[in-house]
Amino acid sequence: MAISLTVNRKPRTVDVESDKPLLWVLREDLNMPGTKFGCGAGLCGACTVILNGEAVRSCQTPLADAAGKDIVTIEGVTASPVGAKVVEAWTALDVPQCGYCQAGQIMSATALLTATPKPSADEVTAGMAGNICRCATYLRIQKAIAEASKAISGAAA
Amino acid sequence: MNAVSVSRRSFIAASLAGGAALTFEAKLAFAAAPGGAEPAMLGVFVSIAPDNSVTILAKNPEIGQGVKTMLPMLIAEELDVAWSQVKIKQADDNAAAYGPQFAGGSMTTPLNWLPARQAGAGARAMLVSAAAQQWGVPAASLTTSEGKVLHAASGRSITYAALAPVAAKVAAPDLEKVPLKSPKDFRIVGKSMKGVDTPAIVSGEPLFGIDAHPAGMLYAAMVKCPVISGTLKSFDDAAVRKEKGVLAVVPVTDGEIPAGKHNAVAIVGDSWWRVHKAREKLAVEWDTAGFDGYSTDGYSAMAKALMGAAPTADLFKAGNADAALAKAAKVVTADYAYPFLAHATLEPQNCTALWHADGKLEFWAPTQDPGTARGDIAKVLGIDPASMTIHMTRIGGGFGRRLMSDFMILTACVAKAVPGRPVKLLFDRTDDMRNDYYRPGGWHRMTAGLDASGALVALKDHFITFGADGKPMRAAEMRATEFPGPVLPDVHFGMSFLKTNLTTGWLRAPTSNAVSFVFQGFLDEVAEAAGTDLPELMRRTLGATRQLPPEPDDTPFDTGRARGVIDAVCKFAGWTGKRSAPSGANGGKGRGFGFYFSHRGYFAEVVDLTVTDGTITIDKVWVAGDIGSQVINPLNAEHQMQGAVIDGIAQAMVWQPIEQKAGAVTQENFGDFPLLRINQTPGEVAITWVVTDNPPTGLGEPTLPPVIPAIANAIRDATGKRLRSLPLSLA
């Protein structure tokens, strides 16, 4: 049965099993491989996307649960002002090492800063603890979130 | 020149001799460049477009260590172009043209520091020569800058683009004689350059092996024998074939079992999610006889038994350690141990391959060692190594895991079964965790003798490791020259061996990530017994500046460089040598030190930590490093060092042992093999450099080893407890 959803502000319809995880729908059916597969168990955060404003693990989100919802992926994250500032900070600080987890990190950071534009250190930790970086770029991730937070507040002021 | 042997040998015993051989290879590559057919190619690495942009091939695999940016920086520097003119393209595997192309052993910098610069300088010389011809002036009267040749006397200038077609036909210069810039004239090397792929990474563009998508691609998942070294007995795929999207079911091998046998069944179809789900319908029987008796508990019991007996092999012997210990004023002895570990790259193992109609095989592979894989695949599949094309993708974490060829061999087997269709084999996380080339566990009984003055005079290590026939397995070795062995009069490093069915392999800073813990942890105990601290014991033991004998084909250990980083980190961290109250009366705060020499780099580190109710928090780490005369890309260097320190913290206290029951690895995902998260990150990793007049060396690994013993030593300082086995835990 065809299922409709909105991905990066575009209406999309896919006709696959409704229990297929959103991760694999994005990668295989919508040709959007920016969202990454890491653990398949919601433990690493590599597959994080924003669903109706909330960061979710797309490997644990069946397509049925995404039906009619508004999905933002790494490919479209800069369409929001917060996402654009996050990506800008990530680029300016050259955060990635191997880069594999960074799509998920950026999505989590964007969700965090959208909900909490000026997060405390503890809020950053809580918001980002679901995302593993095997290369351990955490010090730069913390810095990039701080930079993006500053830029967002500056833009809003 | 055999690229396979270079790469295999390099991890433990990196070849200095390779430096000379590489110069020769770079020359070969230069001469082999097409002359005229592709007029804009200057050598094999550089091409110049009509808009004066310069495309430089990055020849080595990019695993996040930054070589896709760093190697072109070396070429661009000597070519004398502006970095903004440069575009970078990943080269395919072609060692005959490009020289060795592996990412391992922190060898990219030492092996390419000269050849890459010579390649850039050679191309520049051809451009200068073309300008000299065109203007009828001596080449010596010309200079270059930012992609232009300049003639100061006449005020003329011309772009490289305008010269390139003529320059490409100029005879290639002798790269040995081509002049190189003086470091004081560097404009790119030594400047912080961002990763060339960063913009593509942050916008989610397909870069990684898992993202490869040649037209018409199929997907494959596998059911692998749960016991490594076991083989396929039989399978029934009738039910699997009825599943939606399934196109083929194929028995395959990873090359780790006898020829003609299989140890996995691949399911091929139109979606990985579908074929992965279809695995539950496969009925399969395995032959695990002879391999299902291995267990973590069994290893521990056998290691204990072996420890009570004499070593069965000698690694290093000098004088008479037993006699020296018998008359020592003080004897210190302690047992150390560390577990098996997985690599857990965040991008699971995968590979895409296409078996063409003419029998040629094409790969899109996240491989750290394409040259070795080429040979291994050829051997297992009985095909000509030259019939393969290997495109190297960006790699979602290597750490040594992708030096192995198994995932490419498996994929080649699958591709052969579906000729004409590209197919991507992807491991799931559990496949990845249970089919690794593990960092082997090990046990050491250390014994040291001090004389009446407190000087270390004798040392023994009985090392229980994995191997057979008197030889350790891959990555289960230890250096015969392990410091302080070579400087003491009476030493015995002996080994005994356990067998395992597991495949073992190189994990970032292989052998060093374990031996550093044992030796620097134990030497901290020796220092305590001698009434001093570890930096001071190290200084005394290092003695006068001299070169200690190297491992075969490696560089010697320079005691002066070792002392240099020890002094630097002590100054940097304000090390006083004062021990905290052993009762833990210091508010749970402790400070520890560790030094290690590996991968040609000298690193000393100080850790400050706090222990609260048995929980260890790393507050700050100070690092002093000596990797020679030049840090090529400071931005990335800092990144590598911070990453390696935090990786070391993870290995020391976050990762849990890989365990076995009835031959099978029991860990399955990040729940039982936890990785370090942002909440476990130290507050700060501060870095200082000791610049010495030595050829630049690599940074992917040598920062990692010292932090592990430094943490253990800091825990001792904070709590009075000496932790002698990894992972470090006060629970």
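Let me start with helix α15 of chain B, residues 512-529, in what is a predicted model. At 1.5 Å a residue, with the expected span taken as 1.5 Å times one less than the number of residues, its 18 residues should span 26 Å, and because the end C-alpha atoms are 25 Å apart, the two values agree. Of those 18 residues, 15 are buried, meaning that 20 or more other C-beta atoms, placed from the backbone, lie within 10 Å of the residue's own. Just after α15(B), Gly531(B) takes a positive phi of about 75°.

Turning to the whole chain, chain B has 19 helices and 30 strands, which are DSSP runs (H or I, at least four residues, for helices; E, at least two, for strands) numbered from the N terminus. Its radius of gyration, taken over C-alpha atoms, is 27 Å, close to the 27 Å from the globule rule (2.2 Å times the number of residues to the power 0.38) for 731 residues, so chain B is as compact as a globular protein of that length. Buried residues make up 58% of the 731 residues in chain B.

An automatic or database assignment divides chain B into domain 1 (3-202), domain 2 (209-289 + 349-426) and domain 3 (296-341 + 438-719).

As for conventions, residues are numbered from 1 along each chain as its sequence is written, while chains are lettered from A and ligands numbered from 1 in the order in which they are written. Local features need pLDDT of at least 70 and side-chain atom pairs count only at pLDDT 80 or more, whereas totals for chains, interfaces and linings use all residues.

Notes:
A residue is buried if 20 or more other C-beta atoms lie within 10 Å of its own, exposed if 12 or fewer, and partly exposed in between; C-beta atoms are placed from the backbone.
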